[in-house]
Amino acid sequence: MSTFVLIPGACHGGWWYQPVVERLTALGHTAVAVTLSGLGQDDDLTRMTPVSLDKHISEASGAVVAHQDPDGAVLVGHSYGGTVITGVADRLSWALRALVYLDAFVPEPGDSCYAMTDDEQRAWYLADADDHPGVAPLPFFDPRARPHPRDTLLQPISLIGAWQQVPAKHYVAANGWAGASPFADTAARIRRTPGWTVHDWPTPHNVLAQGPDRLVELLVKV
């Protein structure tokens, strides 16, 4: 049996993975979906100390350490969560056997989500920046979505490269975007990089929109 630590994307909490957690648990695995600071249902970013990318990486690292697996955990990140899991793996490569990026950013040293995305997403990140420390959920997001701590999207990541020592690295490219995907450049770079397995899925960016089965099937095979 395996241990899975699951990190959601911007504006989302661990609830997004709940169908996956339930399915993996029923199969006998350990599955932990993390809600990062500022994204809890009762969190109010206007009353909190500013939340950094480093804080999110530390919180996700804590979840890996708290659920250590002698065979190495599988760390999963969706969208923004790809930046977080890269930072975790750079600190804890020894504790992981696989990384799974779900239509996600894969940063290089000094990258930020803002730097890696497209102009449309950059405009979203900066909207109302003078009035609120969070990036508002997009209209089509789940009602449980919360404003995302803006600083986590703007902060460049510090990496030493240890994350590349994780034995298995998988990238899911969602091909159901209505227009150009802001992750297209990341996916193209990964396709050119040895040591990766790329999966093309006919889903929107919300890779769970059609249910958890496709993801669960991938995870139990990595």
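## Nonpolar cores

The largest nonpolar core of this predicted model contains 46 residues, and those with the most contacts inside it are Ile7, Leu75, Val84, Leu99, Tyr101 and Tyr171. A nonpolar core is here a set of buried Ala, Val, Leu, Ile, Met, Phe, Trp, Tyr and Cys residues joined through side-chain atoms within 4.5 Å, where buried means under 20% relative accessible area, exposed over 50% and partly exposed in between, with a 1.4 Å probe and protein chains only. Once its neighbours within four places in sequence are left aside, Val84 is in contact (heavy atoms within 4.5 Å) with Ile7, Leu36, Leu53, His56, Ile57 and Ala60. Another core, of 24 residues, lies apart from the largest one and has Trp16, Val20, Val76 and Trp201 among its members.

## The sheet and its helices

Six strands form an open sheet in the order S2-S1-S3-S4-S7-S8, with parallel pairing; strands (E, at least two residues) and helices (H or I, at least four) are DSSP runs numbered from the N terminus, and two strands pair if DSSP finds at least two bridges between them. Strand S2 (30–33) and strand S8 (196–201) are the edge strands, each pairing on one side only, and the twist from one strand to the next averages 15°. Strand S7 (residues 168–174) pairs with S8 in the parallel sense over six bridges, and His170 has Thr197 in S8 as its bridge partner.

Helix H7 (residues 184–191) packs on the sheet by touching S7 and S8, and its direction makes about 140° with that of S7. Helix H1 (residues 18–26) also packs on the sheet, where it touches strand S1 (3–7) and S2, with its direction at about 165° to that of S2. Axes for these angles are lines fitted to C-alpha atoms, for helices over the stretch in contact, and the angles run from 0 to 180 degrees between N-to-C directions.

## Aromatic rings and charges

Rings of Phe, Tyr and Trp (its six-membered ring) pair if their centres lie within 6.5 Å, with planes under 30 degrees apart counted as stacked, over 60 as edge-to-face and the rest as tilted; by this rule there are nine aromatic pairs. One of them, between Trp177 and Phe183, is tilted, at 6.2 Å centre to centre and 50° between the planes. Trp177 counts as partly exposed because its relative accessibility is 25%, whereas Phe183, at 2%, counts as buried. Ring pairs also link Tyr114, Trp124, Tyr125, Phe140 and Phe141 into a cluster.

A charge sits over a ring if NZ of Lys or CZ of Arg is within 6 Å of the ring centre and within 35 degrees of the ring normal. Arg122 lies over the face of Tyr114, 5.6 Å from the ring centre, and the charged end of Arg214 sits over the ring of Trp201, 5.7 Å from its centre.

## Basis of the values

Residues are numbered from 1 along each chain as its sequence is written, and side-chain values use heavy atoms, with hydrogens and water left out. Because the model is predicted, local features need pLDDT of at least 70 and side-chain atom pairs count only at pLDDT 80 or more, while totals for chains, interfaces and linings use all residues.
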